[in-house]
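Colleague: Can you walk me through this one? I'd like to start with the overall layout and then go down to side chains.

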Amino acid sequence: MNYAGRFNSFIFKGQNVYDAIEAYKQMDGITHLEFNYPEHIEGYDLEELKAAIAPLKVNGFAVRWRKDFLDGNFTNQNEELRQRAIQMTKDACDICRDLGGSVITLWFENDGFDYPFQIDYELDWNKLVTAIQEVCDYAPDMKISIEYKPFEERNFAMVDSTGMVMYLMSEVNRDNIGCTLDYCHMLMKHDNPAYGLALAASKGKLYGLHMNDGYGWQDSGLIFGSLSFAQSAEFIYYLERYNYDGVVFFDTFPIREDAKKECQANIDAFELIKSKVEKQGIEKINEIVSRHDGIGAQGLILDMLR
């Protein structure tokens with residue numbers, strides 16, 4: 001399995017991008033890096049970054065629209081700002097490609113609303129769709145991956161669920177559009193994580209994963225598998241069933257924990273739960289799933305815990 005960790009786990013503790021890269025090189029299991037753009041790229045020389053990254057690989061960039069974009073990213077009513085947001089995404093595609101990456105993750109943190117009568121839903125939806133189409137057409141060799149979150153930073157997000165992401169992908173209608181599923185965001189929406197995974201993966205549209213855990217009422221960003229063992233195991237089962245070969249990115253928030261140890265704890269948890277699934281075997285689990293039998297499913301979970 002390919003693994004990546006969160007740069008801000010280190011940066012928020014006073015370290016820089018190079019410090020984080022060196023820490024990831026010392027971990028058991030990290031294979032790839034995931035940058036936020038522009039915050040982890042601006043001010044750094046790209047050739048120096050390339051040298052620092054090796055032998056790790058870059059998987060992709062997550063675009064972050066900050067400061068001027070509180071009123072919207074791809075739906076901003078100020079057309080100049082909207083075009084800046086689109087251009088930032090195109091720039092991210094170019095620089096990510098230059099660093100060897102292939103996935104551009106788009107979380108529309110400011111595309112949403114807080115009050116009734118605040119936005120024109122159809123108009124803003126169409127603005128979102130056409131902007132994504134423009135990015136997809138600009139970089140057809142890149143995977144443009146949509147990450148949903150039901151709320152935060154807005155009270156209601158334009159793209160708030162697995163179903164809405166799937167609908168958005170059909171509206172965009174481009175070969176290089178897909179999705180990134182954040183486990184904690186799915187719990188916040190009360191989506192069952194494995195259900196959304198199966199729908200996206202069955203269409204060949206699962207481009208990325210943000211793994212973590214939480215209680216479902218906020219973006220907790222806790223260590224993967226620390227709370228929801230059974231759902232975590234089911235999630236990994238569907239990853240195995242659909243032969244996911246992308247990167248598992250741990251989007252967790254070690255505010256009080258040591259960043260390096262916390263990232264390693266994520267890898268260790270994922271590997272252990274994965275081994276429990278593999279010990280049962282995909283064929284056996286397939287057979288249990290086919291029965292629609294709650295008691296049999298509970299027996300499977302208990303077998304994994306023994």
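Colleague: What order do the strands of the open sheet come in?

Modeller: This is a predicted model. The open sheet has eight strands, ordered β1-β10-β9-β8-β6-β4-β3-β2, and their pairing is parallel.

Colleague: Which strands stand at the edges?

Modeller: β1 (2-5) and β2 (32-37). Each has a single partner strand, so one side of each has no neighbour in the sheet. On average, neighbouring strands are turned by 25° against each other, ignoring direction.

Colleague: How many bridges join β3 to β4?

Modeller: Four, between β3 (residues 57-63) and β4 (residues 103-107).

Colleague: Changing topic: His-210. Buried or exposed?

Modeller: Buried, at 5% relative accessible area, where the cut-off for buried is under 20%. His-210 belongs to strand β9 (residues 206-211).

Colleague: What does the side chain of His-210 make a polar contact with?

Modeller: The side chain of Glu-147, at 3.3 Å. Leaving out residues up to four places away in sequence, His-210 also touches others, including Thr-180, Asp-182, Tyr-183, Phe-249 and Asp-251.

Colleague: Now the charges. How many salt bridges does the count come to?

Modeller: 20. One of them joins Lys-50 and Glu-47, 3.3 Å from N to O. Both residues lie in helix α3 (residues 46-53), three residues apart, about one turn of the helix. Glu-47 is exposed at 52%, while Lys-50 is partly exposed at 28%.

Colleague: What about Glu-79 and Arg-82, how far apart in helix α4 are they?

Modeller: Three residues, so about one helical turn separates them in α4 (residues 79-98). Arg-82 is buried at 8% relative accessibility, but Glu-79 is partly exposed at 38%.

Colleague: Which pair links distant parts of the chain?

Modeller: Asp-137 and Arg-174, whose side chains meet in a salt bridge of 2.7 Å, N to O. Asp-137 sits in helix α5 (residues 121-138) and Arg-174 in the loop between α6 and β8, 37 residues apart. Asp-137 is partly exposed at 46%, and Arg-174 is partly exposed at 26%.

Colleague: Which residues do salt bridges with shared partners join into one network?

Modeller: Glu-39, Arg-66 and Glu-109.

Methods:
Residues numbered from 1 in each chain as written. Predicted model: local features only at pLDDT ≥ 70, side-chain atom pairs only at ≥ 80, totals over all residues. Heavy atoms only, no water. Pairing = 2+ DSSP bridges. Helix = DSSP H or I, 4+ residues; strand = E, 2+ residues; numbered from the N terminus. Axes fitted to C-alpha atoms, helices over the stretch in contact; angles between N-to-C directions. Buried < 20%, exposed > 50% of the residue type's maximum accessible area, 1.4 Å probe, protein only. Polar contact = N/O pair within 3.5 Å; in protein donor to acceptor, adjacent residues only side chain to side chain. Contact = heavy atoms within 4.5 Å. Salt bridge = Lys/Arg side-chain N within 4 Å of Asp/Glu carboxyl O.
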